Amino acid sequence: MTDGSLYGSKLLWLGLFAVLYWGYCIFWGVRGAREATTASAYFVAGRSLNTWVFVMAATATSFAGWLFIGGPALVLRDGLQASYIAFAAVVVPLTGVMFLKRQWLLGKRFGFVTPGEMFAAYYGSDIIRVFTVIVALLFAVPFLGMLFGFAGDLVNLVTGGLLSRDLAMWTLAVVLVIYVTLGGLRAVAYVTTLQTLLIAVGVTALGLVTLDLAGGFDPLNRALAVIAGTPTGTWGTTLGYGGGDFNGLFATPGVVQWTDGLNKEVPQGGPWTGLMVMSFMVALMGIQASPAFSMWAFASRDPGAFAPQQVWASACAAGVLLFVFVTLQGLGGLLLGASPEVNAAGLELKRVLPPLGNGEEGRLVANLIGLVGTSAPWLLGIVTVCMIAAIKAAGGAYMTSAGALVTRDLYMRFFNPHADDRLQKRFARVATLLATVAALLMATLERDGMVVLGGLALALAVQLWPALLGVAWVRWFTRQGVAAGIVVGSIVVVLTDPLGQALTRGTLPWGQWPWTIHAAAWGLVANFLVCILGSVLTRDDEGAEGRYRIHRFLAEYAGLSARKRRFATFAWIAAMIWLFFAVGPCIVLGNYLFGAPDMGYEGWDFRMPSIWAWQFLWWGLGVLLIWLLAYKMELATSTSREVVALTEDIAASGGIPRASDGTDTMTTSGGRHGPA
């Protein structure tokens, strides 16, 4: 087959599967528009999403395409020290275990549509409401722009340049805008359900293709043992930082390195120290702390959907994709010629991939798809559409949440509090369209700025943790403390992130992520310190009574039984131990516990690198931990009592709403519950 006919066949199959996929998307957009007769139906699907739709949609949103595109690239560049990002499968739902069920209860009880309304009602603060809108817009514009850019690059590379990046990007965005603006969250949920299946198919297929090209699991590990015995790799050797002088591709470079920042001082052996991994996991906690996830919680019919999503879909199924198939793609790239440093070592390799150094590692997935297309163009079409779906999976949720927050937390709060359902939907559609156009323009014209701001989204989203903790668990956190903590934490994030370096032109005495600690963690530590201090100094503020009523309600409907409370201490101690050994300072033990990297294939206890075996061990224990918290501690299960709604719309409320008869929020149709 000539090159021309091959590319023609690729385009034919890609176009066919893309049209089928787009047809499904638009179908749900039209159907969703017919069913979205009210603002609540449009913004939160009428609070009626069934269990399995929520499970699929929330999982795809949790693990947006950058993990499935960026994960193999990081493993190719940094080796198995970077594959600790696969613990996102456990850490991301940990935030959901903490907060989603309690947010659902509050949304059902008080009619919250957006997290901004929830924060404003609970804290009586528009500062927190506006910050929530800013976070939503950061996800909807620069972060979404990053996803559009990834999709455009993928299509451009797979088609050999026949379809330009910008053309592909704008075409994909048009379809996304159509079904999101027409159908609202219901359409997004049903489209994302299909996207979840496509993600699983695409990632699995590429992992298996890579494994086949490497000769199988045993030959792959034998080849890795040869590489591990050399000083090759992007970062050289650890020079004792990880318990020995190991190849940085196969060892964590210590607990911490006291560097001034990644752009000022290169860490020896690689950037993924114990504290770097832990702080990066803190950043990933921003995914389910983001406004989009609060709205997924509000939209669910029953909180019983949360546990299967967190345990089986996320920790278990997504864990298989990340720990096995994503990691295989990155490791396969080392053996198939994609690493210039490994190539330079003169080892015998099956070099079927072009060298991808100097920041080009992100092309690895596209090049693997290209290898598939040379022998099976139809499979290329399927896998390409699967990876596009992976990249776009989070886009719909972020666009919908941004439109909802701009409408209800800015437009209705400050300009038109009495807007009817039709006007709310119309304004949200316009806001969503404008946000999408802004994302596309940024991806087209300002790629560097897009990456800087997009990376900021997760770090700022996790700054909502103290606010969520106050609403769900800690009743003595005050409005002043939480608001001050968010402001200070956000400033610290900016100053320790690439944005701060750009704004100050590198004049700060530190660089990006000093001491190999991610900006999200620096900001969250400052946030909590200020929040706690501010709350202690303002404990008798005027909002205390309303906050206590909320927590009495949560204690009644989501509180632990006496038997569960006795078990709670063990559960949280187990969680702390897991964090320290799986994604914290103790991960350095994994470098050599099952055989040091330089001991060779026969010296590895499980005939695989010790660090990879360590990750598998703690992933399994992580699944058990999430199961323990979600099911046994009942933090993500259905409530035994029916929750009676007090109001359908509190957009204009300035505090915690009361029942229509003037009694407090603890009164239901069954009488007064809980302590007086």
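This is a predicted model: local features need pLDDT of at least 70, side-chain atom pairs count only at pLDDT 80 or more; totals for chains, interfaces and linings use all residues.
Local features were taken at pLDDT of at least 70 and side-chain atom pairs only at pLDDT 80 or more, while totals for chains, interfaces and linings use all residues. Residues are numbered from 1 along each chain as its sequence is written, and side-chain values use heavy atoms, without hydrogens or water.

The largest nonpolar core holds 228 residues. Such a core is a set of buried Ala, Val, Leu, Ile, Met, Phe, Trp, Tyr and Cys residues joined through side-chain atoms within 4.5 Å. Buried denotes under 20% relative accessible area, exposed over 50%, and partly exposed the range in between (1.4 Å probe, protein chains only). Phe68, Phe87, Trp296, Met387 and Trp578 have the most contacts inside the core. Its largest share, 20 residues, comes from H8. Helices are DSSP runs (H or I, at least four residues), numbered from the N terminus. Phe68 contacts (heavy atoms within 4.5 Å) Phe63, Ile199, Val203, Leu321, Leu322, Val326, Val365, Met387 and Ala390, leaving aside residues up to four places away in sequence.

Ile26, Val30, Val174, Ile178 and Leu182 make a nonpolar patch of about 330 Å². Helices H1 (3–35) and H8 (165–213) are the elements that each give two or more residues to this patch. H8 gives the most, with three residues. Areas follow the Shrake-Rupley method with a 1.4 Å probe, and for residues only the protein chains shown count as cover. Leu182 lies in H8 and is partly exposed, at 31% relative accessible area.

Most residues other than glycine have a negative phi. Asn358 has a positive phi of about 55 degrees. This asparagine sits in the loop between H14 (340–344) and H15 (364–375) and is exposed, at 83% relative accessibility. Trp513 also has a positive phi, near 55 degrees. The loop between H21 (498–503) and H22 (519–537) carries Trp513, which is buried at 14%.

The structure holds zero disulfides (cysteine sulfur pairs within 2.5 Å). The sulfur of Cys386 lies 13 Å from the closest cysteine sulfur, that of Cys25, and is therefore too far for a bond. Cys386 is buried, at 1% relative accessibility. Cys586 is partly exposed, at 23%.

Technical notes: Patches are made of residues with over 30% relative accessible area and no salt bridge: like charges are joined within 9 Å, nonpolar side chains (Val, Leu, Ile, Met, Phe, Trp, Tyr) within 5 Å. A salt bridge is a side-chain nitrogen of Lys or Arg within 4 Å of a carboxyl oxygen of Asp or Glu.
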